[in-house]
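These are my notebook entries on one protein chain. I record what I looked up, entry by entry.

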Amino acid sequence: MIANAHNATTTLDKKLHVQKNTLLHKAAQLVKQYCLLASLLIVGFLALPAQAATVSVSNYPLFLLSQAVTEGAPPAKQLLQAGEVGHHGSISPGDIKAIQDSTFVVWFGEPLENNLAANLNDAPNSIALFKFDAFNRHPLRDIKGKPIAGTLDPHIWLDPDNAKAITRALAVIHSHANPQHKQLYHANAQKFAQRMDAAVAESNLDAKQKPLPYWAYHDAYQYMEKSANLQLIGSLSTDHHLAPKASQLRWLNEQRPAKQMCLVSPSTPAKGLLAKLQPVRDTVQAEDMSNSKDFVSGWQMMAQQIRQCIS
């Protein structure tokens, strides 16, 4: 298996030898041609026993994307449970063993999943998606919706183009772990892209209209805005676990672009809080899509419910 994978990536190896930087930097430069993953995959095979043929993924949205790729074949192992995107939650001794036993462990990276960093930052079989230049990225925004320089909003999977790119990368990774399903994985990734495009088109039929304004309790939906024709006016807090300040509630009420606003929140907001923002509707949308069983339908439902709340 190692020899076959090595022969299949001879061209890539020649390119990599020309480079004078680190392996990670070399892989990042090649990501857009989909040769980037091959070098990391070969390293994973060389670092681990040849008989290992499992893939683990970190959190629930990544698991949903992996499921789309592995449909019809054995699924990846999910490390974090739904609701544990990576800011919170912990991994068990069994999960640590799964990390060690897996051929590859795919995660977003420490900016999102700091609870996995101790086990994955230096693991030879880990692949951190944030380290590749293959995805659309946005900076974090402050509570008034202004970009914060030098930061990364980590919720990249909510961008449909990013979701498609992630599934293509997963197809490559799964193919190296289980080459007997390679054709299936790539066909599934192509099918996912078609379904995702159809969902975006249906959610954005009135794209020529002015973007629909909304409030967020915690600014976690930025990557959906272009595709769903939404515009953030402001958020209540930098973290949904922190109560908003009275000054921010006052600012939101003073800046409201519509008489009745929509508040998008990852959990049900307190009635007392909603009373201070009236007239307001609210919709509960978990940014990790923990209420969904399928990525595309889950994304489409989120977009539809947010738009319905606004209109």
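Predicted model: local features only at pLDDT ≥ 70, side-chain atom pairs only at ≥ 80, totals over all residues.

**Entry 1: the sheet.** I count two strands as paired if DSSP finds at least two bridges between them. Between β3 and β4, which run parallel, I found three bridges. In this part of the sheet V106 stands opposite I127 in β4.

**Entry 2: aromatic pairs.** I next asked how many aromatic pairs a search of the whole structure finds. The search returns three. One of them joins F108 and F130, with 5.8 Å centre to centre and 40° between the planes, and it is tilted. This pair links distant parts of the chain: F108 lies in the loop between β3 (104-107) and α7 (117-120), while F130 lies in the loop between β4 (126-128) and α8 (160-177), 22 residues apart. I recorded both F108 and F130 as buried.

I then looked up F108 with W157. Their ring centres are 5.2 Å apart and their planes stand at 45°, so this pair is tilted. W157 is in the loop between β4 and α8, 49 residues apart from F108. Is W157 buried or exposed? W157 is buried, as is F108. Through ring pairs, F108, F130 and W157 are linked into a cluster.

**Entry 3: nonpolar cores.** The largest nonpolar core has 57 residues, and those that touch the most other members are F108, W157, I166, M196, F295 and W299. For M196 I set aside neighbours within four places in sequence; the remaining contacts are P160, A163, K164, F295, V296 and W299. I also noted a second, separate core of 13 residues, which includes L236, L252, M261 and L263.

**Entry 4: helix α13.** I followed F295 and W299 into α13, where both are among the buried residues. The helix covers residues 295-310, 16 residues in number. From first C-alpha to last it reaches 23 Å, close to the 22 Å expected at 1.5 Å a residue. Its buried residues also include V296, Q300, M302, R307 and C309. At the start of α13 I found a side-chain oxygen of D294 within 3.3 Å of the backbone nitrogen of V296.

Technical notes: Residues numbered from 1 in each chain as written. Heavy atoms only, no water. Helix = DSSP H or I, 4+ residues; strand = E, 2+ residues; numbered from the N terminus. Expected span 1.5 Å × (residues − 1). Buried < 20%, exposed > 50% of the residue type's maximum accessible area, 1.4 Å probe, protein only. Polar contact = N/O pair within 3.5 Å; in protein donor to acceptor, adjacent residues only side chain to side chain. Phe/Tyr/Trp six-rings, centres within 6.5 Å; stacked < 30°, edge-to-face > 60°. Core = buried A, V, L, I, M, F, W, Y, C linked by side-chain atoms within 4.5 Å. Contact = heavy atoms within 4.5 Å.
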